[in-house]
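Student: Hello! I would like to learn how to read a structure, one feature after another. Could you take me through this one?

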Amino acid sequence: MATFDVIILGGGPAGYVCAIRAAQLGLSTAVIEQDKLGGVCVNIGCIPTKALLHSAYIANLLKESKDFGVEAGDVKTDYGVAMKRSRRVSDQNSKGVEFLMKKNKITVVRGTGVLQPGKKVKVGSDVHEAKKAVVIATGSRVKGIPQIGLEINKTTVISSDEALLMEKIPATLAIIGAGAVGMEFADIFNAFGVKVTLIEALPRILPLEDAEASDTLSKSYRKRGIEVIAGAKVTKANVAKDKVTLDVEAGGEKKQVAAAAVLMAAGRAVNIENVGLKECGIQLTERGFIKVDKNLQTSTAGYYAIGDVAGPPMLAHKGSREGVVVAELVAGQKPHPIKYDNVPSVTYCHPEVASIGLTEEQCKEKKLDYVAGKFPFSANGRARGTGETEGFVKILRDKKYGEILGAHIVGADASEMIHELTVARENEYTVEEIELAIHAHPTMSEAVAQAALDSLGRVVDM
Amino acid sequence: MATKVHMEALSPTMEEGRLVKWTKHEGDPVKSGDTLAEVETDKAVMELVARADGQLLKVMVPEGTTVPVGNVVAWIGKAGEKVDGAGSQESGAGAAKSAPAAAVSKPAPAPTPVPKPAPTPAVPAPVAAQADATRVKASPLARRIAKESGVDLKLVQGSGPGGRVIKRDVEAGATQTQAAAPAPSSRLPAPSGVPYEDVPLTQIRKTIAKRLATSLGPIPHFFLTTEIDMERAAEAREALNKQLGEEGGKISFNDIIIKAVALALVQHRACNAWFQDDHIRYWNEVHIGMAVAIEDGLITPVIRNADLKSLREIGAESRELAGRARNRRLKPEEYTGATFSVSNLGMFDIDQFTAVINPPEAGIVAIGSIVAKAIPDGERVVVRRRLRLTMSCDHRVIDGATGAVFLKTLKQMLENPLAMLL
């Protein structure tokens with residue numbers, strides 16, 4: 001039995017960041033991980049998909065390169081090669097986390113941890129004890145929809161886990177769920193020549209984003225040959241050996257979608273089973289997440305929960321920040337509370353979609369007095385130069401005080417540009433401060449300043 | 001690395017300070033918080049304290065030197081550490097002025113140019129800005145909400161990083177103000193637990209302010225004089241002092257006048273106000289500034305909440321404050337923030353005078369000598385002790401009639417001191 005100040009269950013982006021911060025603050029720290037360090041994010045999530053998305057981007061770029069005066073001849077794609085490259089990227093990152101654990105003198109215990117009362121964690125036959133805190137960061141996994149016959153079978157009904165490791169890709173693919181995961185895989189497989197049908201139950205794809213972002217992406221995807229069916233209900237699935245047929249109802253019409261495989265991208269389930277929660281008296285919320293207070297402490301003192309298990313948004317960067325906050329709390333510091341309304345959301349499809357704060361629909365629902373300032377990349381010099389003219393920047397400005405209620409960027413590198421607005425909102429800058437800051441010319445970011453100006457009724461470049 | 005010791009802004013208005021005395025000397029060990037030197041500001045002698053631990057390596061300015069805020073006056077570091085001797089000259093804004101020995105601070109004529117090490121950047125000004133107690137750290141959004149909802153950021157406790165005032169702090173402050181303020185039926189709602197209320201200037205008030213200011217300096221003064229019968233106040237004072245007897249701590253006429261002014265201000269809040277350019281701040285608290293002559297000027301220590309204090313408390317406090325004022329040992333918070341002032345030259349046999357308003361206050365009363373006079377009393381002539389009191393009013397805030405009714409209350413209180421017990 002070993003004793004630590006802090007024991008963290010799970011070495012994903014919430015758990016490993018929590019461990020590093022705890023170690024920085026002088027706490028003896030252990031991380032228990034049953035698989036590879038870095039969790040879903042590094043191994044079968046954020047990181048490998050970004051590698052594959054870049055392969056897809058290059059494939060699409062080469063198809064158009066002739067217009068730019070560069071002829072690449074016949075463009076051939078090989079998903080197997082792209083997949084192997086993405087694995088190397090993931091492995092590099094996972095090794096990087098391992099190195100960080102060593103560097104910060106964090107003990108990594110390999111195995112499956114089960115919580116026990118008295119701030120203890122059992123791994124195999126060993127029991128480890130935490131003097132200060134146990135942190136639950138067990139994350140989440142893909143879930144199927146067994147109710148309609150779509151149980152993940154790893155051959156014809158697959159999840160992102162399988163999609164990321166395929167050597168050969170199916171000729172046709174139906175993707176159920178058009179959130180970030182579904183959107184990104186639709187982009188990837190389309191670029192690699194798969195006939196993709198994207199099915200979303202809610203009235204529009206990217207249902208959590210601003211409606212204008214959804215519209216732009218719908219158009220862009222359809223132009224590239226992706227079939228997009230929103231507001232669609234899959235009533236029945238017929239899973240055969242090498243084919244799946246889906247009965248889909250959309251817009252009052254019934255139709256059948258047949259595909260060689262179905263990719264399930266309709267939400268994730270949190271890993272709360274067999275963790276020992278009940279034995280420690282740790283309660284769940286109605287929606288099945290671990291119930292935490294504002295300090296992320298569970299219903300049992302000394303046990304904290306961070307990341308996906310602690311509730312939405314299920315995003316790596318939100319989990320990492322929760323890890324930092326818990327480490328600081330346990331070390332007796334007073335960290336600044338997390339602004340959950342200021343967590344950026346990014347979908348890395350092409351064009352990228354990035355947002356912060358409220359959508360225009362939410363502003364309307366809340367009956368806020370706002371102005372939407374908008375600037376399209378088609379009017380931006382840099383975007384014209386690179387041919388990346390799809391998309392826009394939209395800033396929702398509170399009329400009275402100029403507060404940035406929300407910001408939405410659709411376009412190449414939107415994921416990078418959103419942070420200007422994230423920093424602005426974190427520091428409570430108003431639209432005026434955004435506009436006052438001189439933006440370099442020519443850049444895509446100028447569109448942010450122009451959208452700010454537009455919200456003030458004095459856009460210059462349009 | 002050695003740390004610079006800057007001349008700090010020790011009072012809100014301080015622009016330079018005279019280094020009176022070094023209390024630590026080169027080579028002395030110092031801890032953060034130790035007093036390094038005594039510095040004479042525009043108002044008082046204050047202590048300059050160390051902000052770092054180590055040894056006082058080098059003193060850059062001799063005693064008696066006047067140094068602009070932000071300039072380096074000394075270095076603290078590890079024993080034997082080398083420091084940049086050009087310290088006090090680094091501010092391009094203004095070199096140290098030395099009153100007694102002008103030559104001391106003059107830089108030696110530059111010898112033949114020698115390649116210099118990297119010059120220290122000239123950065124003292126921002127340091128001084130940080131030391132300014134009147135500066136509020138607030139987000140742009142918080143500032144804007146505060147401005148439009150009339151919340152004073154200085155009174156808001158910030159909950160952001162480093163105490164920065166953020167949106168939710170202002171919103172909390174605004175709801176408090178709203179909750180506390182009664183329905184806006186009268187122009188001057190009654191005191192309500194908040195220290196004051198800001199009332200925006202009406203157009204007519206703005207015009208009055210502008211027109212009168214052009215006619216008589218920046219503050220358009222006018223004066224109201226009244227003669228007050230102090231017979232009963234004098235009798236009351238004698239009785240009270242007899243009662244206090246050997247206990248000491250006698251009550252002066254000045255104490256009685258301060259108390260009466262404070263109580264009259266409670267009844268006439270329109271005179272207990274600050275002119276603030278675009279609004280008038282009507283105070284719900286009464287803080288009386290008491291002009292005290294000191295060797296080379298005057299200073300007005302403040303008796304806070306004078307309306308709530310007993311004569312004995314006012315007496316003790318005013319003696320103590322006046323004593324320290326003469327020794328120039330007042331802290332800035334002890335001579336700022338008055339809502340109204342009293343100036344007394346009675347002890348100099350001055351019958352009557354007008355006092356100059358101490359902005360942003362809107363009024364001051366000038367107290368002359370109490371003199372025995374023959375006064376007609378019906379058919380007879382009686383001898384009574386009388387006081388001539390003149391109130392100076394800022395016409396932008398106080399109109400003639402407003403001042404007159406205040407003075408009437410004050411006169412009644414002093415002529416019938418028992419009224420103060422009401």
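Tutor: Gladly, and we begin with a term: a salt bridge is a side-chain nitrogen of Lys or Arg within 4 Å of a carboxyl oxygen of Asp or Glu. In chain B, such salt bridges link E227(B), D229(B), K373(B), R384(B), R386(B) and R388(B) in a network. Before we go on, please note that this is a predicted model, where local features need pLDDT of at least 70, side-chain atom pairs count only at pLDDT 80 or more, and totals for chains, interfaces and linings use all residues. Residues are numbered from 1 along each chain as its sequence is written, chains are lettered from A and ligands numbered from 1 in the order in which they are written, and side-chain values use heavy atoms, with hydrogens and water left out.

Student: How many salt bridges does the structure hold over all chains?

Tutor: The total is 37. One of them joins E317(B) to K309(B), with the closest N and O atoms 3.0 Å apart.

Student: What does the secondary structure of chain B come to?

Tutor: Helices (H or I, at least four residues) and strands (E, at least two) are DSSP runs, numbered from the N terminus. Chain B has eight helices and 20 strands. Of its 422 residues, 45% count as buried.

Student: Where does V136(B) lie?

Tutor: Look at the loop between α1 (124-131) and α2 (140-149) of chain B. V136(B) counts as buried because its relative accessibility is 18%. For its surroundings, take contact to mean heavy atoms within 4.5 Å. Apart from neighbours within four places in sequence, V136(B) is in contact with R143(B), L153(B), K154(B) and V165(B). Also compare sequence with space: V136(B) and R164(B) are 28 residues apart in sequence, and their C-alpha atoms are 7.9 Å apart. For chain B as a whole, among contacts with a separation of 6 or more, 63% come from residues 24 or more positions apart.

Student: Now chain A, please. How can I check the length of a helix?

Tutor: The expected span of a helix is 1.5 Å times one less than its number of residues. Helix α7 of chain A (residues 211-223) has 13 residues and should therefore span 18 Å, which agrees with the 18 Å between its end C-alpha atoms. Buried residues in α7(A) include A211(A), L217(A) and Y221(A). After α7(A) comes G225(A), whose phi is positive, near 95 degrees.

Student: Which residue forms a salt bridge with E322(A)?

Tutor: That is K318(A), with a closest N to O distance of 3.1 Å. Both residues sit in helix α8 of chain A, four residues apart, which is about one turn of the helix. K318(A) and E322(A) are both buried, and the relative accessibility of E322(A) is 1%. A polar atom of the E322(A) side chain also lies 2.7 Å from the backbone nitrogen of G307(A).

Student: Which salt bridge ties together parts that are 87 residues apart in sequence?

Tutor: The side chains of E426(A) and K339(A) meet at 3.9 Å, N to O. E426(A) is in helix α11 (residues 414-426) and K339(A) in the loop between α8 and β18 (345-347), so this pair ties together parts 87 residues apart in sequence. With 36% relative accessibility, E426(A) counts as partly exposed, and K339(A), at 25%, is partly exposed too.

Student: How do I read the interface between the two chains?

Tutor: The size of an interface is often given as the accessible area lost when the parts come together. Buried area is the accessible area (1.4 Å probe) that two parts lose on being put together, summed over both. Between chain A and chain B it is about 1,200 Å², with carbon and sulfur atoms giving 53%. On the chain A side, H336(A), Y401(A) and E428(A) lose the most area to chain B, together 53% of what that side buries. In residues, 12 of chain A are in contact with 15 of chain B.

Student: How many salt bridges count between chain A and chain B?

Tutor: The count is two. R144(B) and E432(A) meet in a salt bridge through their side chains, at 3.1 Å, N to O.

Key:
Buried means under 20% relative accessible area, exposed over 50%, partly exposed in between (1.4 Å probe, protein chains only). A polar contact is a pair of N or O atoms within 3.5 Å; within protein, one must be able to donate a hydrogen and the other to accept it, and residues adjacent in sequence count only if both atoms are side-chain atoms.
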